Amino acid sequence: MTIFIDNNYMCLFKRLLTPKLIMVYFIFAIISGCSAVRLVYNQGDTLTYWWLDDHIGFNSEQEAFTRSSLEHLFWWHRTEQLQAISVTLDKAQQKLQKPISKQEMVGLTGDLKKHGYSIFDQIIPDAAKLVISLQPAQIDSIEKRFAKNNEKFRKEFLPDNKDKQVKIRADRVIDRTEWLFGSLSKEQEKKIREFLINHPVDMEMVYKERLRRQSDLIQICKEVNQKKLSQKATEALLKDYMKFFEAGKTKDQQAFNKKWMETGAEVTSFITHVMNDEQRQYAFERIGGWLTDVRELIRDSSALAAKRSALLNR
């Protein structure tokens, strides 16, 4: 939940939801009386498929398998994970009503990460099957897409001028803070920018870690393809990949990522100390909206599960 750190899910939806598509979903949300969050979640398997297909370029067999796999994944998540997410959101909502310590922020971030890793654990078998099916041209397609995205990342976050890097990071933190807490005063913004200057992040290392994660994944795909590895062997490689995905394997990587996470917690903790009561109430209501959406999804899931059970028992 640390405000300045990339959220993988947000990045995914940011790539998926082009302006035209956002407008389409917004119109449907109004017509159906459904919130945008619920609408996007209900179409999550389709959106995820589009994103994967855009990177890989599925053949007909892969398309059928991936659509079925994602449908099962989202059903599992809907019926077995949303309740835990609701608990975490409720915890975050309550904690943000007062300043949060760095240690509390680390704990809350850890709770959120657990939800993400539970998804990775669930998809490992199907992910392995998909990796085994990849052809060399498809692996090349993934590499090219990574390279294109990395070029965009460098242009957006790594200008040659270090002062510009600092400003870009600060602007992003300010945007995310206002997204959660509402508008900031000039004095609050000044305090946050000064705090960020005194708590820097090496964006070149952030970029190198990004490349490391991508390179490791590509290497797995190539190894599986070239050695014709089994399902069991491929699953083992993917599990190992996820084990070291965040922190890396070397001492330098682990030290950097530990420091990066600590800095994120320090920044977020500081921001909660700068906010006033009106802004905390704004955050309370915003998270409350997400909680309402999640609880509605849980109720919808219970109804869907009952219908499925009734059909199977006919």
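At 9% relative accessibility, Gln165 counts as buried, where buried stands for under 20% relative accessible area, exposed for over 50%, and partly exposed for values in between, computed with a 1.4 Å probe on protein chains only. This is a predicted model, in which local features need pLDDT of at least 70 and side-chain atom pairs count only at pLDDT 80 or more, while totals for chains, interfaces and linings use all residues. Residues are numbered from 1 along each chain as its sequence is written, and side-chain values use heavy atoms, with hydrogens and water left out.

Gln165 belongs to helix α9, which covers residues 162-181; helices here are DSSP runs of H or I with at least four residues, strands are runs of E with at least two, and both are numbered from the N terminus. Not counting residues up to four places away in sequence, Gln165 touches Phe157, Leu158, Pro159 and Met203, a contact being defined by heavy atoms within 4.5 Å. Between the C-alpha atoms of Gln165 and Val201 the separation is 9.8 Å, although the two residues stand 36 residues apart along the chain.

## The chain as a whole

The protein chain holds 14 helices and 0 strands, so that its elements, read from the N terminus on, run α-α-α-α-α-α-α-α-α-α-α-α-α-α. Of its 314 residues, 40% count as buried. Among the contacts with a separation of 6 or more, 82% are accounted for by residues 24 or more positions apart.

The accessible surface of the protein chain comes to about 18,200 Å², and 57% of this belongs to carbon and sulfur atoms. Such areas come from the Shrake-Rupley method with a 1.4 Å probe, and for residues only the protein chains shown count as cover.

## Side chains that reach backbone oxygens

Gln138 is found in helix α8, residues 136-157, and counts as buried at 7% relative accessibility. Its side chain reaches the backbone oxygen of Gly57 at 2.9 Å, a polar contact in the sense of a pair of N or O atoms within 3.5 Å, for which, within protein, one atom must be able to donate a hydrogen and the other to accept it, and for which residues adjacent in sequence count only if both atoms are side-chain atoms. With neighbours within four places in sequence left aside, Gln138 is in contact with Ile56, Gly57, Phe58, Asn59, Gln62 and Ser133.

Asn225 lies in helix α11 and is buried, with a relative accessible area of 14%. A polar atom of the Asn225 side chain lies 3.1 Å from the backbone oxygen of Leu134.

Ser215 and Phe146 are 69 residues apart in sequence and 9.4 Å apart in space, C-alpha to C-alpha.

Lys228 has its place in the loop between α11 and α12 and counts as exposed at 65% relative accessibility. Its phi is positive, about 50°, although Lys228 is not a glycine. Most residues other than glycine have a negative phi.

## The second largest pocket

About 230 Å³ of space lies in the second largest pocket. Of the 14 residues that line this pocket, Asp216, Ile220, Asp240, Tyr241 and Lys249 are the closest to its centre. The elements that give two or more residues to the lining are α11 (203-227) and α12 (231-243), and the largest share, 5 residues, comes from α11. By class the lining has 5 nonpolar, 4 polar and 5 charged residues, with Ala, Val, Leu, Ile, Met, Phe, Trp, Tyr, Cys and Pro counted as nonpolar, Asp, Glu, Lys and Arg as charged, and the others, Gly among them, as polar.

On a 1 Å grid over the protein atoms alone, a pocket is an open set of points where a 1.4 Å probe fits, with protein on both sides within 12 Å along at least five of seven lines, and lining residues have an atom within 4 Å of a point. Grid points are joined across faces, edges and corners, and the volume is the space filled by probe spheres set on them.

## The end of helix α13

Val274 lies in helix α13, residues 251-274, and counts as buried at 14% relative accessibility. Its C-alpha atom is separated by 8.0 Å from that of Lys191, 83 residues away along the chain. Neighbours within four places in sequence aside, Val274 is in contact with Gln188 and Gln279.
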